[in-house]
Amino acid sequence: MDIVLLLKAAVMGVVEGLTEFLPISSTGHLILAGALLGMDDDKAKVFDIAIQTGAILAVIIVYWQKLAGTVVALPTQKAARRFALNVLIAFLPAVVLGLLFGKFIKAHLFTPTVVASTFIIGGFIILWAEGWGRAKPEDAQVHPNDNARIVNVESMSPLDALKVGLVQCLAMIPGTSRSGATIIGGMLLGLSRKAATDFSFYLAIPTLIGAGAYSLYKERALLSLADAPMFAVGLVMSFLSAWVCVRWLLRYIASHSFVPFAWYRIVFGMVVLATAWTGAVTWAA
């Protein structure tokens, strides 16, 4: 058993869990962390996608009451069926576009330079969406969409769900952030901050489980039983760190904006570009 490899898997699991549901791009951070740790071959790319399942398990546990109640109510309650339909509708665009363009994106866009650039661009988009610079300093904690048209996920229409699903597809570009695209995109489409965040979590369940299962099946020839400990460590660490992160984020959004994450993206992206251009860090492709 390679202890060093297991330690690297643990680090990657923590990175995945802490970044998956924040608007800072888990894929981008995994690409950068993998470049530094030397985990950037084809098997590592499958590992990065597979350990997302651990993070999703954390969401399922946090939202267990809502999810279980919806499943039980599906045969009898129209609201439960509409909720399930909305998640399905939002999920489908990523499936279609992922199958059409996924191979091209992985071949050409999974690089530190692309990730750093999208970090920066995404940061400025978050600042714009949050109204940063347009509000008075004393209003910084006031949510710009407190009077949102949709205050909870139950109020969403199928068209609302489709729009969020289309926005989620932007996250196929590494560094964009799936949660960032769906949360900020949802807010711009009229969802309250809480509704956008909740729906982003719900949508993550089929999206990430589907992506993980598809990747494992497609690249099964690369894997062997000897890889099981590495994947197990990554999954466990991803679950534990994601569980902490999701619970924290739900408390955070009650009284804070996403502006700090925007500045983090911008600064981090600039650091990556600067170290790449100066040769201070040799980022693997």
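Reader: Which residues touch the most other members in the largest nonpolar core?
Author: Phe21, Met156, Phe199 and Phe258, out of 46 residues in that core. A nonpolar core is a set of buried Ala, Val, Leu, Ile, Met, Phe, Trp, Tyr and Cys residues joined through side-chain atoms within 4.5 Å. Buried means under 20% relative accessible area, exposed over 50%, and partly exposed in between (1.4 Å probe, protein chains only).

Reader: Where does this come from?
Author: This is a predicted model: local features need pLDDT of at least 70, side-chain atom pairs count only at pLDDT 80 or more, and totals for chains, interfaces and linings use all residues. Residues are numbered from 1 along each chain as its sequence is written, and side-chain values use heavy atoms, with hydrogens and water left out.

Reader: What does Phe21 touch?
Author: Its contacts include Ala55, Ile56, Val59, Phe201 and Leu249, not counting residues up to four places away in sequence. Contact means heavy atoms within 4.5 Å.

Reader: Which residues of α4 are buried?
Author: Gln52, Gly54, Ala55, Ile56, Ala58 and Val59. Their cover includes α1 (3–19), α2, α3 (42–50), α10 and α11.

Reader: New topic. At what angle do α2 and α7 cross?
Author: Roughly 140°. The axes of α2 (residues 26–37) and α7 (residues 112–129) come within 10 Å. Axes are lines fitted to C-alpha atoms, for helices over the stretch in contact, and angles run from 0 to 180 degrees between N-to-C directions.

Reader: What do you call that?
Author: That makes α2 oblique to α7. Angles under 35 degrees count as roughly parallel, over 145 as roughly antiparallel, 65 to 115 as roughly perpendicular and the rest as oblique.

Reader: Which residues meet there?
Author: Gly28, His29, Ile31 and Leu32 in α2 meet Pro112, Val115 and Phe119 in α7.

Reader: Ser215, then. Buried or exposed?
Author: Ser215 is buried, with a relative accessible area of 6%. Ser215 lies in helix α10. Leaving aside neighbours within four places in sequence, Ser215 is in contact with Val46 and Ile49.

Note on methods:
Helices (H or I, at least four residues) and strands (E, at least two) are DSSP runs, numbered from the N terminus.
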